[in-house]
Amino acid sequence: MTVYRYGAARPDGALVQGTLDAASADQASAAVTELGLFPLALVPAAAGDTEKPAASRRDLAIVFRSIAALVSAGVPLERAVAASEPLARGALRETLGATRSRLREGQGFAQALSAGRGAVPGVVLGMIRAGERGSQLGPALEQVATHLEQEAELVARVRQALAYPLLLAVAGTVSVLVIGTVIVPRFAELLGDLGQDLPVATRALIAGSTVLSRFWFLLVPLGVAGLWTVRETLKRPASHRSLDETLLAIPLLGAVRLALATSRVTRALGAMLKAGMPLLPALAAAAAAAGDAAVAERLGRVRERVARGEPLAISLEREAALAPGALQLVAVGMTWRAGDLAAQEAERGLRTLVTLVEPALIIAFGGLVAFAAAALLQAVYSLRPGGF
């Protein structure tokens with residue numbers, strides 16, 4: 001007998017975890033099902049202690065599109081995985097290699113993939129498992145591939161939109177550091193040799209430059225320690241959720257975050273429903289795809305409402321779990337289309353936000369440079385001839 005660690009969804013949509021003894025993975029999956037649960041992940045307990053790094057959406061999209069195309073063309077699943085394995089890298093490639101071995105042993109595809117211990121997202125495993133249960137593995141793989149491709153495209157667009165503001169911030173920071181640690185100290189030496197009183201702005205600039213020049217070696221570790229503290233704080237679910245709630249409340253930024261989460265949730269939910277997964281387990285798995293702890297908590301409350309008999313669209317609206325523009329499409333059953341609409345709204349909102357951030361950065365760094373120049377010129381113009 002082997003101890004298996006499982007993650008599953010209850011009929012009310014709540015996620016549960018546990019362990020059980022079984023002779024094989026198939027028997028363990030059957031035992032979880034007999035408990036009235038919908039299994040999402042199942043791995044041997046000894047192997048489940050170490051999580052592998054998650055593969056990128058782009059790599060997953062390429063691999064699963066290849067597998068889906070081959071399976072749709074009639075290629076056996078094990079051979080399709082073997083043919084797609086060279087397209088993967090890192091932990092994903094190792095996972096596919098282990099998956100082929102498990103497929104030859106007679107395990108299901110979702111069960112075999114779960115050996116990756118985090119390399120393949122739980123949402124993908126749930127979609128594949130639902131397709132296997134309904135004897136619709138081919139269509140389920142197509143839905144998985146499409147979902148991952150859209151996720152990869154969305155991530156690429158977000159990174160592309162943020163590339164220029166990030167470059168502008170880096171360039172501006174470097175410029176300010178050069179001015180503060182190289183240019184201003186040289187002027188300070190010249191002005192100090194004259195022995196005259198300097199304007200307030202000039203003294204403030206020189207004081208700031210002195211602190212930056214003499215104690216920069218302390219600022220670096222302090223910054224690293226600050227980032228580490230923030231990272232460790234955000235690992236706590238309560239802190240992470242509070243931060244996400246705060247970000248959602250910020251005008252414009254909150255709308256963009258909600259639209260991004262909506263696109264992920266509705267696309268995952270639509271794909272899982274098409275693959276044959278029941279609504280409540282699908283809602284539980286889709287919450288994990290939100291990428292936002294606050295939205296995931298709202299979706300948890302939506303599951304509770306739906307379990308009590310409330311309509312899905314009304315529950316989503318009352319909990320503000322999705323962007324308003326997507327609710328109407330969800331209400332008429334166009335969940336996948338709602339994801340496309342939310343992605344477009346997120347892209348438009350992101351462009352608007354970037355449009356505002358770029359001039360703000362230019363004004364901020366330009367203001368610092370202008371202050372330094374004005375302070376130095378003011379000192380030069382205030383010099384008295386008798387002081388030379």
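How many helices and strands make up the secondary structure of the protein? There are 16 helices and three strands. The model is predicted. Of its 388 residues, 43% count as buried. Among contacts between residues at least 6 apart in sequence, 65% join residues at least 24 apart.

**Nonpolar cores**

- The largest nonpolar core holds 66 residues.
- Within this core, the residues with the most contacts are F64, I67, F109, I128, L141, M272 and L316.
- Another core, of ten residues, lies apart from the largest one, and its members include L205, A372, A375 and L376.

**Around F371**

- F371 is part of helix α16, a helix that spans residues 335-381.
- F371 counts as partly exposed because its relative accessibility is 39%, a value between the limits of 20% for buried and 50% for exposed.
- Not counting residues up to four places away in sequence, F371 touches A201 and L205.
- F371 and L205 are 166 residues apart along the chain, and their C-alpha atoms are separated by 8.4 Å.
- L205 is also among the residues of the ten-residue core.

**Helix α12**

- Helix α12 covers residues 279-288 and is largely enclosed by the rest of the structure, because eight of its ten residues are buried.
- The buried residues of α12 are L280, P281, A282, L283, A284, A285, A286 and A287.

**Helices α10 and α11**

- Helix α10 runs over residues 237-249 and helix α11 over residues 253-274.
- The axes of α10 and α11 come within 5 Å and cross at roughly 115°.
- On the α10 side, the contact is made by D244, L247 and L248.
- On the α11 side, L253, G254, R257 and L258 take part.
- By class, this contact has four nonpolar, one polar and two charged residues.

**Around S315**

- S315 sits in helix α14, which covers residues 312-319.
- With a relative accessible area of 0%, S315 is buried, the cut-off for that class being under 20%.
- S315 touches V302, R305, V306 and E310, again not counting residues up to four places away in sequence.
- L316, the next residue in the numbering, is one of the residues with the most contacts inside the largest nonpolar core.

- About 30 Å³ of space lies in the largest cavity.
- Which residues line the largest cavity? The lining consists of L154, R157, V158, L260, A343, A346, E347 and L350.
- By class, the lining divides into six nonpolar and two charged residues, with no polar ones.
- Helices α7 (137-194) and α16 (335-381) each supply at least two residues of this lining.
- α16 gives the most to the lining, with four residues.
- An α-helix has 3.6 residues a turn, so residues three or four places apart point the same way.
- Among the lining residues are A343, A346, E347 and L350, and the range of α16 takes in these positions.

Note on methods: Residues numbered from 1 in each chain as written. Predicted model: local features only at pLDDT ≥ 70, side-chain atom pairs only at ≥ 80, totals over all residues. Heavy atoms only, no water. 1 Å grid on protein atoms, 1.4 Å probe; cavity = no way out; pocket = protein on both sides within 12 Å on 5 of 7 lines; lining within 4 Å. Points joined across faces, edges and corners; volume = space filled by probe spheres on them. Nonpolar A, V, L, I, M, F, W, Y, C, P; charged D, E, K, R; others polar. Buried < 20%, exposed > 50% of the residue type's maximum accessible area, 1.4 Å probe, protein only. Core = buried A, V, L, I, M, F, W, Y, C linked by side-chain atoms within 4.5 Å. Axes fitted to C-alpha atoms, helices over the stretch in contact; angles between N-to-C directions. Contact = heavy atoms within 4.5 Å.
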